[in-house]
Amino acid sequence: MTEHSISSELPALYRAFLPEIFTDPIPRESLATCDNCAMCVAADGSTPRSARYFLPNLKCCTFFPDLPNYLVGALLADGDPALEEGRDRVRERIRSRVGVTPFGVLPPKSYHLIYNHADNKAFGRASSLLCPYYHRTHNNCTIWKYRNAVCSTFFCKFVAGSDGKKLWKEVKGYLSEAQAVLSAYALHRQGYDAERLAENPLADHEEKPRLSLFDLEETADEVAYAKTWGTWANREEQLYLACFEEVRKLTPDRFQNLMGFRGQLGRETLEARRRQVIEPELPTRLCRRGAIDSKPLDGDRILIDSINGFIAMPRLVMDVLDLFDGVRSTEEVVSLAETQLGIELDHALVVTLYQNGLLQADG
Ligand code: SF4
Ligand code: SF4
């Protein structure tokens, strides 16, 4: 059986050229149980162990992704009948011409503005933010095989806690950069010159976009559209398919060459983040997080609020946490736990407390 890796979570077309780090083993994010969403109230009525709940017919898809041109092309070229619904939905976006650019199919500008100003608590709960590719009856993604960098790297919970979260944040950054580079490269191969490639919306989202009348009305500005698309207007699908053909031909060397020095730095950071997930190193001195919310679970156990939501722990863990004062070294705390509390504190438990954000580096 193939080991689980970062690549296992990404569209398969990347496997031909992404660097080796993407196929190195990592733990599967088994806490993010998407088919029975870990953030939603379960069918049996049991509540998720999280301070925040998502709605089961929205889950974490209250987000409208940018789809880079070559992923749109890959979806359109895929003959899998299971993707018919997704293809229809993307075609509908293309027909609307709103957010439809040679670089890819993007959300309307007004969506970005609202999303960026939405309260955190709206995520997973506001139906007005729901992704147009989400199937509300099946409660799943209609374009899953070709989802973008944000969607394929999002997890609500992490087996390695904060270290896993940092790893996936880095993957998202690297892949987002790759999306911007590859979409421009594919267009360059189709004859787009440097001037037309300068304003890549996948590389640079305006922080405070000015909304035109067309943006506000969510209709296409036909004059601007004709200018942007040139001879490809009305042949948008063909351009996306051609971009996919360019990207699928890439070799690892060519890809690394396109990603350049920034790509090399990204790769090195990814290696460090993965190492920390596989063999976690702890800071020399740790101290307990200030306010920790907890509630009784059963006889000897309590639920503690962590970065993975409420996790079950032995009741005694609160006394253990108090020993970490940021002054004592972890070795000193281990021997104190034995003399004062009569327990053997193993390394794995300290790592769990640290990765779940209950212990933190002093200062
Ligand atoms: S990643 Fe999203 S769908 Fe999967 S369990 Fe978490 S919130 Fe639910
Ligand atoms: S593309 Fe798919 S995974 Fe991403 S937000 Fe939409 S429905 Fe969810």
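# Shells, pockets and cores: a working chat

Trainee: Hi! How do the residues of the shell around ligand 1 divide into nonpolar, polar and charged?
Mentor: There are eight nonpolar, one polar and one charged. For the classes, Ala, Val, Leu, Ile, Met, Phe, Trp, Tyr, Cys and Pro count as nonpolar, Asp, Glu, Lys and Arg as charged, and the others, Gly among them, as polar.

Trainee: And what sort of model and numbering are we working with?
Mentor: This is a predicted model, where local features need pLDDT of at least 70 and side-chain atom pairs count only at pLDDT 80 or more, while totals for chains, interfaces and linings use all residues; side-chain values use heavy atoms, with hydrogens and water left out. Residues are numbered from 1 along each chain as its sequence is written, and chains are lettered from A and ligands numbered from 1 in the order in which they are written.

Trainee: Back to the ligand, then. Which residues are around ligand 1?
Mentor: You'll find A32, T33, C34, C37, A38, M39, F54, K59, C60 and C156 there. A residue is near a molecule if one of its heavy atoms lies within 4 Å of it.

Trainee: Which ones are around ligand 2?
Mentor: That shell is made of C61, F63, P65, C131, Y133, Y134, C141, I143 and C151. By class, ligand 2 has nine nonpolar residues around it, no polar and no charged.

Trainee: Let me zoom out. What does the secondary structure of the protein chain come to?
Mentor: It has 13 helices and eleven strands. Those are DSSP runs numbered from the N terminus, with H or I and at least four residues for helices, and E and at least two for strands. The C-alpha trace spans about 80 × 45 × 45 Å along its principal axes.

Trainee: How many of the 363 residues count as buried?
Mentor: The share is 46%. Buried means under 20% relative accessible area, exposed over 50% and partly exposed in between, using a 1.4 Å probe on protein chains only.

Trainee: What about the largest nonpolar core: how many residues does it have?
Mentor: That core has 68 residues, and L13, Y14, F22 and F255 have the most contacts inside it. The rule joins buried Ala, Val, Leu, Ile, Met, Phe, Trp, Tyr and Cys residues through side-chain atoms within 4.5 Å. Elements that give two or more residues to the core are α1 (69-77), α2 (84-96), α5 (161-189), α8, α9 (236-248) and α10 (252-278). The largest share, twelve residues, comes from α5.

Trainee: Which residues is F255 in contact with?
Mentor: Leaving aside neighbours within four places in sequence, F255 contacts F17, L18, P19, Y174, A178, L182 and L250. Contact means heavy atoms within 4.5 Å. There's also a second, separate core of 21 residues, including I304, M313, L336 and Y354.

Trainee: Where does N356 lie?
Mentor: N356 is in the loop between α13 and β11 (359-361). N356 counts as buried because its relative accessibility is 8%. Not counting residues up to four places away in sequence, N356 touches R289, S306, I307, N308 and I311.

Trainee: Why does L321 count as buried?
Mentor: Because L321 has 0% relative accessibility. L321 lies in helix α11 (residues 317-323), and it touches R288, I292, L353, L358 and L359, not counting residues up to four places away in sequence. R288 is 33 residues from L321 along the chain, and their C-alpha atoms are separated by 5.6 Å.

Trainee: How much space lies in the second largest pocket?
Mentor: About 1200 Å³. Its lining has 36 residues, with T101, K109, E199, P201 and T228 nearest the centre. By class, that lining has 16 nonpolar, eight polar and twelve charged residues. Helix α8 gives the most to this lining, with five residues.

Terms used. On a 1 Å grid over the protein atoms alone, a cavity is a set of points where a 1.4 Å probe fits but cannot get out, and a pocket is an open set with protein on both sides within 12 Å along at least five of seven lines; lining residues have an atom within 4 Å of a point. Grid points are joined across faces, edges and corners, and a volume is the space filled by probe spheres set on the points.
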